[in-house]
Amino acid sequence: MTRECAVLLPGVCAALAEPRQPGLDDTCLEKLLDWFRSLTWFDPTVELVRDNPCLTELITSVLALPDPSPSILSFTLQLAGILASSESRFQHLQQEELLGRLFGPEGPRGGAAWEDASVRSAWLKGVHSMLHHLPALHCLCSTGGMDVIFTLQGDPSLFVASAASQLLVHMLTFSLESETSKALSTKDCDWPACAQMIVKHIKESLQSSSASHIEQSLKLLSSLFGSCFGSCYTAWTEVLWLDIAKQIESFLLEETVQAQPVLANLLLNVARSPAFCGTEGSFWALVTSALEHLTPVQAGPLAVGLLKLCKCPQDVRIQALTVLLQPMDCILKAASQPLECAGLLDESVSDPVTVESLLSSKTSCAGLLCQTLAHLEKLLSLKHLRVDLPSVSLLRSLMTILQFCNGFLSPASPLGSTISRNLINCFRVQKSALDVLAALSEKKDCDTLIGSLFDVLLTYLQSPNTSPTVLKKTFQATSKWLVHLQELSSSNSQCQQAEKILEDVFVVLQKRLCSPCWEVRDSSLEFLTSMVKCLRDQKEFRQCLLSSEVLRLTENLLEDPESYVRASAVTALGHLALITCFAPESPVIGNQYNKESIVEKLQEILSTDSEGFPRRAVISIFTKWLREGCTGQLEDTEQFVSRVIQTVEHDLDWEVRLGGLELVEVFCSQTICQLSQCPYAPVSSAVTSSTPQNELLQAFCRAKLFGFLFGSLCDCDKPVGQRACDVLVGLRGHFYPTSTLENPQEIEDSPAGRGIAWLQRTLRQGSLAQNFPTDGGVGVDFQDPESMMLALGAIDLLELHDELNKSSDHVEESPQSLLQDILATVGTIEDNEVDCY
């Protein structure tokens, strides 16, 4: 603790204990506790308490109050726990008889203050902080504290109940870590005293007739097996599991027990434990039983969790996949004539009637399918799935669901008709099914259904009943499958099929670009951009694009009344220009699509659009063009970059200015590559004055980069200053590769040197100097290569870099500042002494 803080602390403690003072903001109290945590973490000695007697005086004063406020009492409980986290301070506070009065039977837990949930929560947090040594553990166990924690497991406040459960996990783990002295034998083991109390409580609760007690213990067990206990104490994990396995099995078989969702989570956490790595044993038999007896909704999370495990036995893994596929299997069979389709599965894990009844119910049908589809999407995202998904049948099932949802399928079976009625216009299921459909595009064995699949997708794209959010998902799935389709186009027949599908897609796209709904226009432009990114090298795609009205419609949308649409139009047009203007074999399609025209339109948006989104999109596209070398010869690029940054440096949107700096960074990198002798390495000190270096500086000065970069260092938005500093540090590293920088004392006598000295002083003011001139009016010529070489060498950019990367609250949130603010709040110091942030 610093001397300044030690001086302020007694006043703060006195103010906190004063009952007539107005209540302090909880945020201040939390910050104060955080400070004490950091102090005690680095210093376990008793001196912190001995040298600052005001801390024990605070606790004593709060205990003496007849009716302390809940916030101050909660603060005191947590503070005492933090102070007692080391054994030496614990013993000191015990000698002062403070801990028993706070955490024992005579403390708050026996009074009216206990009614406040924040006090109960603070009691648990204080105990948790304290329990880092055995004396605290033994003290708690001997004063009835364990019973209090067991009771708080069922607290009406979820925060309190959760804190109690976390504390019990910590206590059991700590007890085993600290009190186990002999090697464990699973046949003859003695739990340490505290651990024994917790295990006994768990077993008694599991055998109780109270459903809430059973659920609390199952949750506690789930937390235990899911914590480091399950990973670090393998033998004890096995012992505990053997003690409770029969009871868990009985819960699975009893329909009266309502804790099945917790059981599924418990089994999954146990399965993750190293204790059950082997494929043999009763545990996996119990998991199999759970997959059979839990409802499909309850078994789904367990099944997908098991499929992610490396060590799960293959037969259990297949059974878990079967659980997930059962609803999809039911959908497929319900949609077809009897015996026409075999479905996805040869046999079911649980009774198919259960799944059928859930899908037949209006209330449960969508929920079951959305959960199932979400799990399948997760599985499809895994790089290594240790079971084979029946991709073709799954795709057929997804198409069936989508056709049920839009009413384009008339099922023959009564069950199919019921499911169809339940799913009609169900947006949730449509979106989930389209997500899985997009993920399936990565699979290589669905080619036979690709024509039917695009029929379904085009139906959704064409239908006026497709909601904007579902349409967006349809576009995303279509884009993925179009890429897959192009990969397949090897034979003439496949090429013809691909061309026909693309033509149909462009017809729909033209219509959607003219939609009265701005979300639809926006999604359509995003889809167009996605297609251009993936398919611009495909001849069929370019032909379909250039023979459609899409280019003209996209250009028209640059003037859309909705700023999001204008931004998407900018992005789409920027990517289209890579085909229409910048590609070597660009077709001649009219003067309106030439490079100069498009650049002019986008520059106009950058300088005049009233909204930030389109301007951000323009600077992003300009940067992309520059990266891809689309802006012509070096002289043209210099002029282009110069015009852009002169527009950007006055933009009110900091993200646009940041985009301008990214453009500058790309320009610098590319120019260095073009003009330096070795494009990918810094030059040696022997050639720092060579012609390429001079040419580089001249190119950067002609583009007016340095005025923009140095001006950005003083930007009022910190990310802009940080990025500008990064670019300048990179440039200095190129021009001064051996860190032999200029001596500011030697250069200050020259006129240029005086300007550089002024620049250094100004930059140290940071954003206070954000309006400093960049036109050379103060003796700094930002277009003079020699001056800029001098500036890069003399200004301490690394110091500026450190300052810009400091957290903005590094002063304001210091402990001293916090203590001053607390004293100011309670009115014990003058206003001018306060750091009011």
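The chain has 43 helices and 0 strands, where helices (H or I, at least four residues) and strands (E, at least two) are DSSP runs numbered from the N terminus. This is a predicted model, so local features need pLDDT of at least 70 and side-chain atom pairs count only at pLDDT 80 or more, while totals for chains, interfaces and linings use all residues. Residues are numbered from 1 along each chain as its sequence is written, and side-chain values use heavy atoms, with hydrogens and water left out.

Of the 837 residues, 52% count as buried, meaning under 20% relative accessible area with a 1.4 Å probe, protein chains only.

Helix α5 (residues 70-83) makes a handy check. Among the buried ones are Ile72, Phe75 and Leu83.

Of its 276 residues, Trp123, Met171, Trp241, Leu306, Trp625, Phe706 and Phe710 touch the most other members. Helix α19 (residues 314-335) gives the most to this core, with 11 residues. Domain 1 (295-445) and domain 2 (632-676 + 691-735 + 745-816) both give residues to it, so the core lies between them; the domain bounds come from an automatic or database assignment.

Leaving aside neighbours within four places in sequence, Met171 is in contact (heavy atoms within 4.5 Å) with residues including Leu131, Met146 and Cys194.

Notes: Buried means under 20% relative accessible area, exposed over 50%, partly exposed in between (1.4 Å probe, protein chains only). A nonpolar core is a set of buried Ala, Val, Leu, Ile, Met, Phe, Trp, Tyr and Cys residues joined through side-chain atoms within 4.5 Å.
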